[in-house]
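Q: Could you walk me through this structure? I would like to go contact by contact.

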Amino acid sequence: MTATDRVTARPRPGRVVPARTERAAEGPARLVARLRHGRALHPRGLMVAATLRVSGGAALGVPVLDTPGEHEVLARLSKGGSLPGRLPDVLGLAVRLPGPLDLLLSTCGRVPWLLRPRTGFTAGPYSTLVPYSSGTGSVWFVAWPEGMSVPANPRLLAVALDRGPLLFHLHAVHKDRPAVRVATLRVRAPLPGTDVAFDPVLNDHPSLRQPEWLRRLRRGAYLGSRQARAAEVDTGAGQ
């Protein structure tokens, strides 16, 4: 046996083993969730009832987003870093669509791939940050809010919704063409006591493909966060 025969195969430099990637995200997420007694990220938020009115014509290959119609959905508005009070933060918008399909967006700047802290829930756009691969090419989902000013404090959301709904206009954004209106999300009422574990990896669609590195990180991070708080994800498997 030569020295070459005795060499054990190892991953090439720069190549990340999927299981290691997931474990690397799972452990820290579990620890942070335990310390926060809640979600690892976006622990402070409010579940809300909403109506999604789909415009149709986006041609994404996802029936719930391509076909005109209305759907009653669950959504959550939240603070990413859980900074106290009204302090600016990266704010989040999570939506559970029929399927189920979970879309998670965070406040961004003028371009959809850059996070930006905001002072209020209607102060600027939200984006998926990393593009999906779809039948129409790489696409970001960007939601532009409309409605009264609501400071970046989840406790003030219920009071604001008593005065009227908040609207979020969802668009499919490509680098090389105009944005396409997909739907409008009408956030109507708070749902105190309701909690939903969103997971964009377990609740996805084959026509919206996330980068594999992101899927691995998210799979580990969301699993660790759920384990710490004994939460389960509704994947619609029994439907």
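Q: To begin with, what is the average pLDDT of the protein chain?
A: This is a predicted model. The protein chain has an average pLDDT of 83, and 75% of the residues score at least 70.

Q: Where is confidence lowest, and where is it highest?
A: Helix α1 (residues 3-6) has the lowest confidence, with a mean of 37, whereas β5 has the highest, at 98.

Q: Over which residues does pLDDT stay under 50?
A: That applies to residues 1-17, for which the model has four contacts beyond four places in sequence. Where pLDDT is low, the predicted coordinates should not be read in detail.

Q: Let us turn to the strands. Which strand pairs with β5 over two bridges?
A: The partner is strand β7 (residues 137-146), and the pairing is antiparallel. Within it, S127 has V142 of β7 as its bridge partner.

Q: And how many bridges join β6 to β7?
A: Three bridges connect strand β6 (residues 132-134) with β7, and the two run antiparallel. They form a hairpin, with two residues between β6 and β7.

Q: Now the aromatics. How many aromatic pairs does the structure hold?
A: There are three aromatic pairs. One of them is formed by Y126 and F168 in an edge-to-face arrangement, at 5.7 Å centre to centre and with 80° between the planes.

Q: Why does the Y126 and F168 pair tie together parts that are 42 residues apart in sequence?
A: Y126 belongs to strand β5 (residues 126-127) and F168 to strand β8 (residues 166-174), so the pair ties together parts separated by 42 residues in sequence.

Q: Are those two buried or exposed?
A: Y126 counts as buried because its relative accessibility is 0%. F168 also counts as buried, at 1% relative accessibility.

Q: Which ring does Y132 pair with?
A: Y132 pairs with F141, again edge-to-face, with 5.8 Å centre to centre and 65° between the planes. Both Y132 and F141 are buried.

Q: Which charged residue sits over the ring of W113?
A: The charged end of K175 does, 5.1 Å from the centre of the W113 ring.

Q: On to charged pairs. How many salt bridges are found in the whole structure?
A: The search finds four salt bridges. Among them is the one between R53 and E70, whose closest N and O atoms are 2.6 Å apart. R53 lies in strand β1 (residues 44-54) and E70 in strand β2 (residues 69-79), so this pair ties together parts that are 17 residues apart in sequence.

Q: How accessible are R53 and E70?
A: R53 counts as exposed, at 53% relative accessibility. E70 is partly exposed, because its relative accessible area is 46%, and the exposed class requires over 50%.

Q: What does E72 form a salt bridge with?
A: E72 forms one with R188, the closest N and O atoms being 2.8 Å apart. E72 lies in strand β2 and R188 in strand β9 (residues 177-190), so the pair ties together parts that are 116 residues apart in sequence. E72 is exposed, with a relative accessible area of 56%, whereas R188 counts as partly exposed at 30%.

Q: And which side chain does D176 meet in a salt bridge?
A: The partner is R177, at 3.2 Å from N to O. D176 counts as exposed at 62% relative accessibility, and R177 is partly exposed at 39%.

Q: Last topic: where is P100 placed?
A: P100 is in the loop between β3 (91-97) and β4 (101-107).

Q: Is P100 buried or exposed?
A: P100 counts as buried, because its relative accessibility is 12% and buried means under 20%.

Q: How far apart are the C-alpha atoms of P100 and D204?
A: They are separated by 7.4 Å, although P100 and D204 are 104 residues apart along the chain.

Key:
Residues are numbered from 1 along each chain as its sequence is written. Side-chain values use heavy atoms; hydrogens and water are left out. Helices (H or I, at least four residues) and strands (E, at least two) are DSSP runs, numbered from the N terminus. Buried means under 20% relative accessible area, exposed over 50%, partly exposed in between (1.4 Å probe, protein chains only). Rings of Phe, Tyr and Trp (its six-membered ring) pair if their centres lie within 6.5 Å; planes under 30 degrees apart count as stacked, over 60 as edge-to-face and the rest as tilted. A charge sits over a ring if NZ of Lys or CZ of Arg is within 6 Å of the ring centre and within 35 degrees of the ring normal. Two strands pair if DSSP finds at least two bridges between them. pLDDT is the predictor's confidence in each residue, from 0 to 100. Contact means heavy atoms within 4.5 Å.
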